[in-house]
Amino acid sequence: MSIQIDERPLSYQATISYTLMLPKDLNNRVASDSAKKVMTVKFIITIAKASRTLQVVAKINNGVKDQRTRVLVPTNIVATESVADNQFGMIKRPVHDPMLNVWQQDHWDERPDEIYPFLTNVSLSDHQTVSVFTNSSREYEIVQESIIAMTMFRSVNWLGKSDLVRRPGRPSGIHAATPDGEMLGQITLDFGIRINPQPLADANVANMAKECLTPTVSYNQIPFEAMHLNPAKVSLAQEYELSLPVPAAATVSVIKVSEDNSKALLRCFNATEQDIPLPKSINQLNLAEQSVNNQAILKPNQVVTLVVEV
């Protein structure tokens, strides 16, 4: 293993590299003298001096078949539930599914695994909150009550294998070879880790995930006056300010021009557990961009589209 740490004007960067020698496929995993393959891993971790979020880029060169690679994020929080985002809101899930104790006695066809999907963020929380943000893999499990295990990738050679431990006695329905599913070669993933010294209700996780994964980016495409044209007839102000009516604690989903090009729209949702008051003076639309009666509050897991006055 090698670790290199560099300081920059606005951030620190740590590069951690190591090599794993692993059984090359499923058959070799159970053999006493199994053949090995190499997996090289490099983590590039950027810590901005003005942010609590650690930006992580993982570069993996995978030569191993039939396996799952996960990154484990210890939190020191002994949790009974995880909190992850879904479409326009958050969902709480118990760390341990009680049905795991009875699924065989109750003759379930499949074991109810504690592996769940998420879109952009998953957290554990007590008096503080530890969150994982992702732009790549979107699957997680809580292990040992305190570790967020995020799946980085899976390497599988068959779709719908028969007689698995979690699906005894039958295939999933489709049984087909998937050689490209082995995920061999170079894989790049990026995600973030954030530690907030506050409980989940005050940690503003949904907005922090937006800030981490979809930052505002601007650039100058061409040099000023790269092409000398005739003076424009219309003179525009050097600066222009657009006031966005974002309700406090709401999370912005999108800012867009309406489909008829007549107005600017702001769509936001409530990822908290509290009602959010909405401004009475701003017109509201539905997702089809049709006028609706203005609602006074935005309930948890609700979405609203507001008309921006330009």
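**Briefing: cores, surface and overall form of the chain**

Beyond its neighbours within four places in sequence, methionine 152 contacts Phe43, Ala58, Ile60, Thr69, Arg70, Val71, Ser137, Leu189 and Phe191. The model described here is predicted. Met152 is also listed, with Phe43, Ile60, Val122, Tyr140, Ile148 and Phe191, among the residues that have the most contacts inside the largest nonpolar core, a set of 32 residues.

**Overall form**
- Three helices and 21 strands are present in the chain.
- The radius of gyration of the chain is 24 Å, whereas a compact globule of 310 residues would have a value near 19 Å.
- The C-alpha trace spans about 80 × 55 × 45 Å along its principal axes.

**Burial and contacts**
- Of the 310 residues in the chain, 36% are buried.
- When contacts between residues at least 6 apart in sequence are considered, 59% join residues at least 24 apart.

**Surface**
- The chain has an accessible surface of about 19400 Å², and carbon and sulfur atoms account for 54% of this area.
- Leu242, Leu244, Val246 and Ile255 make a nonpolar surface patch of about 280 Å².
- One of these patch residues, Leu242, lies in the loop between helix H3 (205-213) and strand E16 (251-257).
- Leu242 has a relative accessible area of 34% and is therefore partly exposed, a value over the 30% that patch residues require.

Notes: Residues numbered from 1 in each chain as written. Predicted model: local features only at pLDDT ≥ 70, side-chain atom pairs only at ≥ 80, totals over all residues. Heavy atoms only, no water. Patch = residues over 30% accessible without salt bridge, like charges linked within 9 Å, V, L, I, M, F, W, Y side chains within 5 Å. Areas by Shrake-Rupley, 256 points an atom, 1.4 Å probe, with all protein chains shown as cover. Salt bridge = Lys/Arg side-chain N within 4 Å of Asp/Glu carboxyl O. Helix = DSSP H or I, 4+ residues; strand = E, 2+ residues; numbered from the N terminus. Buried < 20%, exposed > 50% of the residue type's maximum accessible area, 1.4 Å probe, protein only. Rg over C-alpha atoms; globule rule 2.2 N^0.38 Å. Contact = heavy atoms within 4.5 Å. Core = buried A, V, L, I, M, F, W, Y, C linked by side-chain atoms within 4.5 Å.
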